[in-house]
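Here is a colleague's note for someone opening this model for the first time. Please keep the structure in view while reading.

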There are 2 protein chains.
Amino acid sequence: MRKNYKITIEYDGTDFVGWQRQANGRSVQGEIEQALQRITSSYIPVTGAGRTDAGVHARGQVANFFLDTNPDESDLLRSINGLVGRDIVIHDIETVPDSFSARYSATAREYSYFISPTPAAIGRQYSWQIGYRLDLPLMNDAASMLIGARDFRSFCRTASATDDTQCTVSRATWEREGDGRIVFHIRANRFLHGMVRAIVGTIIDIGRGHMGIEALPEILSSLDRRQAGQAAPPHGLFLERVIY
Amino acid sequence: MRKNYKITIEYDGTDFVGWQRQANGRSVQGEIEQALQRITSSYIPVTGAGRTDAGVHARGQVANFFLDTNPDESDLLRSINGLVGRDIVIHDIETVPDSFSARYSATAREYSYFISPTPAAIGRQYSWQIGYRLDLPLMNDAASMLIGARDFRSFCRTASATDDTQCTVSRATWEREGDGRIVFHIRANRFLHGMVRAIVGTIIDIGRGHMGIEALPEILSSLDRRQAGQAAPPHGLFLERVIY
């Protein structure tokens, strides 16, 4: 009997070309599909909730796939974990109704972006190092301007004229961690390609005084990616959670 | 005028053959010496406080070297950091009396060893993953047996018959961190080759019930490395601090 399996995945994006399978290079999707191919001897397409770019990490990526072979969930989890690289760990597996799609059933996604104020060797692949002073209250004022349903076309890397670029942002806050790192938490029903990194890059420009906060509503209404700041580097970004 | 420079170094040991310069492979010492050679156009030997093995990390390794060129300390720090790989960061530099030796002037060293109870992709290069249950109070009882001045020959990988293998351990404790990791903190006036990893491997054998705690004094008095447990893997180990 055909069953739909939902898995929750942690990965270190450092050595991947991204989530999505590509002709060249190691992808998270490709690695999991290869493991399933070795287990089932057939090609099993895996659908992910979000396509993370090269270098972007995930603590709670979600994916689903269908199997006819009906294996025990925990055996299957152990088999996949045994076959993928050590930079991928499947933490949870469950069978779900056939109608469930990791991508289309998701109602919200949460990302975090980590910034370190001091240079570090240990853990350097997990945060953006910024030595200059940042105005955190001002950055929170800027972040609050993103809340609500808006057109985020100015923060999308690849939107064509006909693409839907409406997103509803329900959380956008900057916080200081106990260890001195600064973290941006953002939650939305959906994210456009490169959206979090473009938002972080723009708010950092505001926080360091290179751009006035009044520029942000203008950038949003321009619907022009060139008006926003440079994308923040991928290695500070984590897909934390997908909500269904 | 010749000056003696003391530097404090953080490094991610993952991609190094260890602290010590070797004929083949990237070493931390070699990388810093190469940077100094490019800055001064001459070979400047660098002395480290402790020789960490391949894969072992450091947050507070200390080294010293002599220069005739008398550069400004903070310029020199920036130059070295600009020339070494991103997995090395010099955090501090100061001029010290000529008599100072990072190795021989040190009065104590502190190491930490991190253990994760759950498999992780992110940060997997910074702790040993152990899925089985560990008896932490028992492991602390075992650790307390190491305190004091003793012969640690049973925990040394390479001691010859004539080597001095006496060490004075002033701290040895296991603690649980807020994030669920378990950390072993050990401080001694000196450490033998492979000593922390052999101690950790042995106490883990006790903590998981594979060895009785009464075996520990017997191992110590045997003066035989084969009596102790297997060395814990290098990637959980951090040289935290050197005290002068």
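1. Basis. This is a predicted model, in which local features need pLDDT of at least 70 and side-chain atom pairs count only at pLDDT 80 or more, while totals for chains, interfaces and linings use all residues. Residues are numbered from 1 along each chain as its sequence is written, chains are lettered from A and ligands numbered from 1 in the order in which they are written, and side-chain values use heavy atoms, with hydrogens and water left out.

2. Helix H2 of chain A. Helices (H or I, at least four residues) and strands (E, at least two) are DSSP runs, numbered from the N terminus. H2 spans residues 73-83, and its Leu76(A), Leu77(A) and Ile80(A) are buried. Buried means under 20% relative accessible area, exposed over 50%, and partly exposed in between (1.4 Å probe, protein chains only). The buried residues of H2(A) fall within an arc of 100° seen down its axis, so they line one face of the helix (the arc is taken over directions from the helix axis to the C-beta atoms). An α-helix has 3.6 residues a turn, so residues three or four places apart point the same way. Arg78(A) and Gly82(A) are exposed on the face turned away from the buried side. The cover over the buried residues includes strand S1 (3-11), helix H1 (28-40), strand S3 (57-67) and strand S4 (88-96) of chain A.

3. The end of H2. Leu83(A) lies in helix H2 of chain A. At 30% relative accessibility, Leu83(A) is partly exposed. Beyond its neighbours within four places in sequence, Leu83(A) is in contact with Ala35(A), Arg38(A) and Ile39(A).

4. Largest pocket. Which residues lie nearest its centre? They are Tyr126(A), Asp179(A), Arg181(A), Tyr126(B) and Arg181(B), out of 36 lining residues. The lining divides into 13 nonpolar, twelve polar and eleven charged residues. Strand S5 (108-116) of chain A and strand S5 (108-116) of chain B each supply at least two lining residues.

5. Second largest pocket. Its lining also has a stated count: 36 residues, with Gly50(A), Arg51(A), Arg103(A), Phe191(A) and His193(A) closest to the centre. H4(A) gives the most to this lining, with three residues. On a 1 Å grid over the protein atoms alone, a pocket is an open set of points with protein on both sides within 12 Å along at least five of seven lines, where a 1.4 Å probe fits; lining residues have an atom within 4 Å of a point.

6. Asn70(A), in the loop between S3 and H2 of chain A, has a positive phi of about 60° although it is not a glycine. Asn70(A) is partly exposed, at 36% relative accessibility. Ser41(B) also has a positive phi of about 60° without being a glycine. Ser41(B) is exposed, at 66% relative accessibility.

Methods. Contact means heavy atoms within 4.5 Å. Ala, Val, Leu, Ile, Met, Phe, Trp, Tyr, Cys and Pro count as nonpolar, Asp, Glu, Lys and Arg as charged, and the others, Gly among them, as polar.
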